[in-house]
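Thank you for sending the model for comment. My remarks are set out below as numbered points, to be read beside the coordinates.

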Amino acid sequence: MSTSTDRIAQPWGSRTPYGRHASWPTRVDTLLAEGVRAEDVERWVQTASILHSDGDAMDVAVKDGAMVGVRGRASDRVNRGRLGPKDAFGWQANASRDRLTRPLVRREGRLVESDWETAMALIVSRSRGLLDDRGPGSIGFYTSGQLFLEEYYTLAVLARAGIGTNHLDGNTRLCTSTAAEALKESFGCDGQPGSYDDIDHADVIAMFGHNLAETQPVQWMRILDRLDGPNPPRLVCVDPRPTVVARHATVHLAPRGGTNVALLNALLHEIIRSDRVDHGYIEAHTVGFAELSKTVEPCTPEWAADICDVPASKIREAADLLGTADRVLSTVLQGVYQSHQATGAAVQINNLHLIRGMLGRPGAGVLQMNGQPTAQNTRECGANGDLPGFRNWQNDEHVADLARVWNVEPETIPHYAPPTHAMQMFRYAEQGSIRMLWISGTNPAVSLPELSRIRSILSQDRLFVVVQDLFLTETAQLADVVLPAATWGEKTGAFTNADRTVHLSDKAVEPPGEAKPDLEIFLDYARRMDFRDKDGGALITWHDPETAFEAWKRCSAGRPCDYSALTYDKLRGGSGVQWPCNDRAPDGTDRLYTGGISWAHPDTCESYGKDLVTGASTSVVEYRSLNPEGRAMIKAIGYLPPHEWPTDAYPFQLTTGRTIYHFHTRTKTGRAPQLNAAAPDVWVEMSTSDAAERGWGEGDLVEVTSPRGAVRARLRVTGIRRGLLFVPFHYGYWDTPAGSGPDAATAGRAANETTVTDWDPVSKQPLFKTSTAAVTRVAESAGAHSPAPTTTASAPAGPAGPAHGVRATRGDASAIVQESPGTYEGRTSGGTR
């Protein structure tokens, strides 16, 4: 039996209830292009989602050499056959008519079609000239969270040991750098302690700044199924918006922007005051508890209520849930990460688990989440600037070990200073020390803060910009050379989701025209540059995805992210596998820290940590004196107010975020008809009381301004907290002809026209959540004002649903997803297979 569900109006589909400590039942979701039947499919090709960090496993349907649909993989541990809206519809973007199919080079101010030989010769010539004239610090690489593991590793080797530059980072700096830094601060090393399977066992699930329903919709399906089953978990939600998660929460805390540390310190205060701590765990596995107790002692709920504008009674209620739970699972995302005390706040959530001993057991874990599908791989492989394999750039033996793997001299690998983060790279480009910037798979002309500044930097004549992408994005339009890349489904490679599950994505169809896989492009560049090891041999010895994966296994062996027992064959046909996967754990590892803290010893840790206020690096001597035995570090931090605070001129706080139907800057999801129709344009969210005071209503055209720029959009009136504006960040200009639209003359549609060039001192993640702004009405809605549309419990409110309840128009694929129940026995149970 199968059921059909409109996955635009009902993005989480139907329910398969189950109880605590049971396995999540299988449900196979399938979507095929209109007119294609299951029996028409010639072959199904294994892959996983590339449009969020869930890692939903799926198969791609192929007919006549083209993608014609997808279905969930029932045998996979992550999704048990389910697909989110972006999984179901996003594949259509691959066949967009505006895909880049040939290289482009800039001639007399215009991008014109060229050939690969000409384009690569230009890049190599500029690279060699800069290395001769200015040295390796004149070249920078800015990559994505959407490539494959093999590509990141190759990029890291050619940038660090080939070019010798310290300037290598990814747009994961915008979404996951705080997650990595917080894990290093608490546990000495990156790597998620928890697992998605903890949802099956927790009795309290706390989501801190994490709108799970829209960012990882399949795991929200899992929570909904538990809520509908026996012994449902209680939810704690910290979010200033009335999200779907908030509406299901037992306790919803909606603090002022930038006050997370105050709120978390009050929660810790209450848990410690009531002695709901695991003293045995603290004594055996941690250092720093006394300092934390001292710091939070004055942080009463009343104190925090004044700062956060959250009732003290609500803080106590949340603390009671967190302090008395049998097993707590916490998840964390951008509402914590994109703020001025981001790492400090994320560390306090780790502290909550450390003082309660809530680690290493089913249902007791923390997930410092990722925003992008392969963000974890940038961190493992060193494409975020850190050393591959979670090695410590301050530890000479770690550098020497990596040099042995690459067969280079240790001094070849830059480790004289912290890796250059993305925000600093753009500053160096602005100042003129970086003269070549290679951007792969990302669109900073829409995704970075203060876009007028970013456009100015990328437009400099002295800066040579290479863009490697699928489409002529807003960034590609500013490039000197544009390289057409293949994408998911058009190439083979591995990638790892937010709970350490490694999946293999096999090639299903050919890329369009002359587009090439990113790995092939990087290997071609390395060959042309003739990078050599210390014995005169080729620095990069692999030639295809599988040999690159084998090279990565050698680099990761013995490190926390150990892939040494994984193979392509092992990853084909069944479920993804969680690292570490090695001789001791040949089937992978469900949870970290089941027997204590593994990687915090001074000799093995990835980082000696940083000061949570200044971001200054801790020395090995200081770290060794504070943590000689390698325990988890409980780090305290006091609350500091945001860098920007509302004024008479800019009386609102401004926060940006996501919607369930789009990913990043819409380069893929904006080309999927159903997803685009569900959320076709930018909007501004304002509280009911703020709109009523001004006499404004739903659909009015408003302009949001900040000291940096402006954005115009239609108004949505919701239950968001008073004094706060929300604007989704996905929308740019590729689908808006120049000079058209009501806002073209004076304002844009990209939220980041308004956001501030500022970052957390520890993780260097930009502050997209705490800008200030003013708002004015430009034009009244064409219709009479009416209350904001009310949504049902099964459909998301405001930004997560079709605008004003209008059903999305169907495009090349049906909006109806077939949902087939089954059993989870490592295979699919009939259904639509």
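1. On the basis of the model: it is a predicted one, in which local features need pLDDT of at least 70 and side-chain atom pairs count only at pLDDT 80 or more, while totals for chains, interfaces and linings use all residues. Residues are numbered from 1 along each chain as its sequence is written, and side-chain values use heavy atoms, with hydrogens and water left out.

2. On the sheet: three strands, in the order β19-β20-β21, make up an open sheet with antiparallel pairing, and its edges are β19 (493–496) and β21 (577–578), each of which pairs on one side only. Strands here are DSSP runs of E with at least two residues, helices are runs of H or I with at least four, and both are numbered from the N terminus; two strands pair if DSSP finds at least two bridges between them. For β20 and β21, the antiparallel pairing extends over two bridges, and Val502 has Val577 in β21 as its bridge partner.

3. On His503: this residue lies in strand β20 (residues 501–505) and counts as buried because its relative accessibility is 4%, where buried means under 20% relative accessible area, exposed over 50%, and partly exposed in between (1.4 Å probe, protein chains only). What does the side chain of His503 meet in a polar contact? The partner is the side chain of Asp76, at 2.9 Å; a polar contact is a pair of N or O atoms within 3.5 Å, of which, within protein, one must be able to donate a hydrogen and the other to accept it, and residues adjacent in sequence count only if both atoms are side-chain atoms.

4. On the surroundings of His503: with residues up to four places away in sequence not counted, His503 touches Ala48, Gly55, Ala57, Asp76, Val78, Gly493, Ala494, Phe495 and Gly576, contact meaning heavy atoms within 4.5 Å.

5. On positive phi values: Arg500, in the loop between β19 and β20, has a phi near 75°, which is positive although the residue is not a glycine, and Arg500 counts as buried because its relative accessibility is 0%. Phe390, placed in the loop between α15 (375–381) and α16 (396–406), is likewise a non-glycine residue with a positive phi, of about 55°, and it counts as buried at 0% relative accessibility.

6. On the cis peptide: the bond joining Trp579 and Pro580 is cis, with omega about 0°, and Pro580 belongs to the loop between β21 and α23 (620–626).
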